[in-house]
Amino acid sequence: MSNTERRRILVTSALPYANGPIHLGHLVEYIQTDIWVRFQKMQGHECYYVCADDAHGTPIMLRAKQEGIEPEQLIKRISEEHQADFSEFLIDFDNYYSTHSDENKTLSAGIYTALRDAGHINKRSIHQAYDPVENMFLPDRFVKGTCPKCGTDDQYGDNCEACGTTYDATELKNAVSVISGATPIEKASDHYFFKLADFTDMLNSWLNEGHLQEETANKVKEWMQDELREWDISRDAPYWGFEIPDAPGKYFYVWLDAPIGYMASFKNLCDKNNIEFDDFWKPGGNTELYHFIGKDIVRFHALFWPAVLTGSGYRTPDNIFVHGFLTVDGQKMSKSRGTFIMARTYLEQLQPEYLRYYFAAKLSNGVDDIDLNLEDFMQRVNSDIVGKVVNIASRCAGFIKKKFNGQLSAELPAPDLFKEMTDASEKIAGLFESRKYNQAIREIMALADKANQYIDDEAPWVKIKNEDTVAEVQAICTQGINMFRVLVAYLKPVMPALAEGSEAFLNCDAINWSDISKPLLSHEISQFKPLMTRIEKEKIDAIIEASRQNLSTQAAAISGPLADDPISDEIEFDDFAKVDLRIARIIKAEHVKGADKLLQLTLDLGGATRNVFAGIKSAYAPEELEGKLTVMVANLKPRKMRFGMSEGMVLAAGPGGKDLWILNPDDGAQPGMKVK
RNA sequence: GCCCCUGUAGCUCAGUUGGUUAGAGCAACCGACUCAUAAUCGGUAGGUCGAGUGUUCGAGUCACUCCGGGGGCACCA
């Protein structure tokens with residue numbers, strides 16, 4: 001690597017939104033980026049990794065209000081939480097900042113002004129839902145009402161979840177503002193638009209210059225086939241953001257100043273560390289710029305952002321690395337299943353490097369989703385890292401320490417094998433560089449297998465017992481420990497703390513990519529301590545349990561019958577047919593002496609009568625029931641209860657207590673009829 | 001409704017421009033070993049490559065249809 005040029009690289013991850021905590025889904029991206037940046041730095045390149053909280057927008061404004069604090073206080077608190085999470089996950093930003101900063105304000109205003117002066121900004125009036133109580137315009141998702149098409153209640157202002165119709169928030173019937181409950185009115189307002197279509201040619205050529213992964217480029221080209229509409233970049237007061245310089249009462253839409261936050265965070269770093277900002281952001285700077293993002297925000301980064309940058313005299317990114325979403329056990333993260341796992345919840349139970357390793361083992365350079373399979377996670381980490389890699393050091397260290405005073409031998413007994421391992425360096429580096437971490441990990445683990453095989457073949461535990469061969473043990477273990485060191489070097493971008501612990505054990509300087517080919521010889525190592533322990537199943541269970549509990553303590557938790565009580569496993573028709581359901585008339589209902597929950601029902605099946613005890617006392621008075629038709633399971637095996645024989649079961653729905661409703665057939669059904 | 005991605009051993013994934021008996025790791029099973037955090041080493045078994053049809057001398061690899069999973073769009077960016 002010494003003969004290659006020292007690259008100058010600026011890297012960003014997407015800015016987390018400052019209204020909630022970091023979860024495992026977020027971490028896919030930060031871990032992916034951090035690995036790449038650590039790798040670049042290990043190569044000796046000049047690489048900066050900047051990020052920031054995305055601190056503007058309506059949701060933050062409203063949340064602060066709800067908590068009775070100023071937005072500044074809210075974003076400060078959230079930023080501290082975010083940074084604590086990132087730091088513990090060993091995400092090593094060179095700078096972590098906020099979009100609510102002087103630098104960002106200046107840069108946003110400058111970019112806007114440049115766009116305006118070049119004629120890329122258009123101003124026109126639009127109509128929008130307006131909350132007359134709160135005196136603010138309402139984004140679609142802050143209006144709810146009845147669908148104008150199908151009449152379903154409680155639908156958002158953009159489309160109906162029941163019938164799928166899309167409409168304007170102003171078309172909703174009985175519309176209410178989610179914020180105040182007031183009926184929104186329609187109101188006109190001037191908005192500022194970015195004329196994206198001005199950049200059609202520029203974008204078309206940019207898209208063909210190989211800046212994007214193929215799949216991403218295809219997606220963006222698909223969007224380019226339609227005419228590029230103007231992008232609304234302004235919002236009316238009250239809004240939490242930056243006021244537009246020449247438009248009092250108008251603010252930049254959060255998505256305008258968010259990516260500029262990348263620049264602002266870097267500007268902040270430059271000012272602290274004497275880095276030339278323009279080298280990285282003006283055209284022709286001989287530097288590289290990369291954004292790591294999720295596939296949900298491709299539009300902003302691959303369409304608007306290059307256009308905005310070009311229109312205001314800045315450079316465009318060299319690439320936008322798009323990754324997929326995280327699923328857990330093959331399904332979308334779910335609060336009710338306990339798989340919506342917060343970074344903090346994870347950290348309370350497990351070490352960050354387990355997850356860093358697992359993600360690395362799964363991540364490719366594609367946009368496919370990756371799955372966190374919890375069983376696989378545990379097995380994989382335990383067997384790869386603890387069983388294979390760390391085990392090499394563990395099984396050699398004892399001999400060296402006890403028998404040879406911690407001294408490594410002066411030569412390697414198997415230099416060819418060592419060379420084979422260091423020769424893999426270029427291939428593995430190429431895989432890290434191209435973000436095929438999964439392949440890199442596979443290569444590294446194959447080498448770890450080789451190391452263990454070598455030790456097994458040499459059997460130092462046998463040779464140590466023989467006078468003639470005892471001297472060989474020192475060399476064998478020196479070989480083993482040096483192979484371990486190479487593996488740690490390869491894994492260092494992924495597992496920096498393991499590397500640090502290993503450096504202490506090896507009693508050597510920080511390992512870099514360039515010095516792996518020089519083995520440690522005639523060198524004293526330190527006492528071996530377990531560098532990493534196994535993942536215990538209980539810890540994973542605890543994470544799931546804690547994530548479930550988060551659910552119940554969160555006000556806005558998603559719940560409902562389906563979430564609380566998911567649909568059971570699929571059955572065959574024959575299974576259903578075994579259940580004989582009949583219409584029954586309740587001809588008599590009475591209290592049962594000594595029973596807290598039961599009512600005794602006499603049911604007429606159109607000829608036969610049945611005596612049934614039903615646990616519905618909490619919801620019904622006997623007199624309410626007499627004469628009613630309902631549905632019963634007629635062929636249920638009679639069951640002896642404390643108060644007598646119960647010959648069937650009436651059907652009811654609901655969580656229990658007062659909330660319990662028996663089934664009622666529609667008019668016309670007669671006692672005894674089969675339900676099918 | 002339209003469009004994109006995806007579906008390979010129990011699990012996680014590789015499978016190059018279609019070409020001989022479909023690969024790896026983990027798990028399972030058998031054996032060896034005991035230095036090591038019950039780790040390691042050797043071996044065995046396990047797949048009609050989601051289903052079907054087609055193109056071809058030949059298809060996991062191409063085309064079409066269907067099914068399952070993920071996502072995008074339907075004037076919201």
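## Helix packing, cavities and backbone features

Helix α14 (residues 437-458) and helix α16 (residues 470-491) cross at roughly 170°, and their axes come within 10 Å. This is a predicted model, in which local features need pLDDT of at least 70 and side-chain atom pairs count only at pLDDT 80 or more, while totals for chains, interfaces and linings use all residues. Residues are numbered from 1 along each chain as its sequence is written, chains are lettered from A and ligands numbered from 1 in the order in which they are written, and side-chain values use heavy atoms, with hydrogens and water left out.

Helices and strands are DSSP runs numbered from the N terminus (helices H or I, at least four residues; strands E, at least two). Axes are lines fitted to C-alpha atoms, for helices over the stretch in contact, and angles run from 0 to 180 degrees between N-to-C directions. Angles under 35 degrees count as roughly parallel, over 145 as roughly antiparallel, 65 to 115 as roughly perpendicular and the rest as oblique. The helices α14 and α16 are therefore roughly antiparallel to each other. In their contact (heavy atoms within 4.5 Å), α14 contributes residues including Ile-441, Ile-444, Met-445 and Leu-447, and α16 contributes residues including Ile-476, Met-483, Leu-487 and Tyr-490. By class, the contact of α14 with α16 has 13 nonpolar, two polar and one charged residues. Here Ala, Val, Leu, Ile, Met, Phe, Trp, Tyr, Cys and Pro count as nonpolar, Asp, Glu, Lys and Arg as charged, and the others, Gly among them, as polar.

Helix α2 (residues 58-67) packs on helix α3 (residues 71-88) at an angle of about 100°, with the axes 8 Å apart. The helices α2 and α3 are therefore roughly perpendicular to each other. Ile-60, Arg-63, Ala-64 and Glu-67 of α2 make the contact with Pro-71, Leu-74, Ile-75 and Arg-77 of α3. These residues divide into five nonpolar, no polar and three charged.

A search of the whole structure finds four cavities of 30 Å³ or more. On a 1 Å grid over the protein atoms alone, a cavity is a set of points where a 1.4 Å probe fits but cannot get out, and lining residues have an atom within 4 Å of a point. Grid points are joined across faces, edges and corners, and a volume is the space filled by probe spheres set on the points.

| Cavity | Volume | Lining by class |
|---|---|---|
| Largest | about 60 Å³ | eleven nonpolar, no polar, no charged residues |

Among the residues lining the largest cavity are Leu-24, Ile-341, Tyr-346 and Phe-377. Helices α12 (374-404) and α18 (537-553) each supply at least two residues of this lining, and α18 gives the largest share, three residues. The second largest cavity is lined by residues including Val-28, His-323, Phe-325 and Asp-368.

A cis peptide bond, with omega about 0°, joins Ala-237 and Pro-238; Pro-238 lies in the loop between β11 (234-236) and β12 (243-244). Asn-135 has a positive phi, near 55°, and is found in the loop between β4 (121-131) and β5 (136-137). At 43% relative accessibility, Asn-135 counts as partly exposed (buried means under 20% relative accessible area, exposed over 50%, partly exposed in between, with a 1.4 Å probe and protein chains only). Asn-507 also has a positive phi, near 60°, and lies in the loop between α17 (496-506) and α18. With a relative accessible area of 44%, Asn-507 is partly exposed.

Key: On a 1 Å grid over the protein atoms alone, a cavity is a set of points where a 1.4 Å probe fits but cannot get out, and a pocket is an open set with protein on both sides within 12 Å along at least five of seven lines; lining residues have an atom within 4 Å of a point.
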